[in-house]
Amino acid sequence: MAAVLSFPSNLVGDEPELGCAPALDELSLKFVIASRNVRQPVLDFGCRDGLVTAAALARGAHVVAIDPHDRAIQQLLARVPSQHHRRLRAHVGSLQNARFD
């Protein structure tokens, strides 16, 4: 797993928000830019509805996206164009249950 990580600004716990204007914050933009040059999958932990994941995939990254809410993963899969699904692994999970081995 590559060392490029993305954490949303409000981290873990809230349900995904609907109707927000899609825009990358400064940290998310840095993640997307850095993910272009990484040869291994990058981790988007707390991916919410997939805005950052979709941006990284659009730039050629392979992404492991994890969020504790099933609804967020469903929104992510709906957001990402099908041609990018082969470079995406999306999982429902939490930091408490994460394994990094």
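The mean pLDDT of the protein is 83, and 76% of the residues reach at least 70. Residues 7–13 fall below 50 in pLDDT, and in the model this stretch has nine contacts beyond near neighbours in sequence. Where pLDDT is low, the predicted coordinates should not be read in detail.

Strands β3 (residues 63–67) and β4 (residues 88–92) run parallel and are joined by five bridges.

Two salt bridges are present in the structure. One of them joins the side chains of Lys30 and Glu26, with an N to O distance of 3.4 Å. Both residues belong to helix α1 (residues 26–35), where Lys30 and Glu26 are four residues apart, about one turn of the helix. Glu26 has a relative accessible area of 57%, so this residue is classed as exposed.

A salt bridge is also formed by Arg79 and Asp49, whose closest N and O atoms are 2.8 Å apart. This pair links distant parts of the chain, 30 residues apart: Arg79 lies in helix α3, whereas Asp49 lies in the loop between β2 (42–45) and α2 (51–58). Arg79 is partly exposed, because its relative accessible area is 35%. Asp49 also counts as partly exposed, with a relative accessibility of 22%; the class begins where buried ends, and buried means under 20%.

Technical notes
Residues numbered from 1 in each chain as written. Predicted model: local features only at pLDDT ≥ 70, side-chain atom pairs only at ≥ 80, totals over all residues. Heavy atoms only, no water. Pairing = 2+ DSSP bridges. Helix = DSSP H or I, 4+ residues; strand = E, 2+ residues; numbered from the N terminus. pLDDT = per-residue confidence, 0-100. Contact = heavy atoms within 4.5 Å. Salt bridge = Lys/Arg side-chain N within 4 Å of Asp/Glu carboxyl O. Buried < 20%, exposed > 50% of the residue type's maximum accessible area, 1.4 Å probe, protein only.
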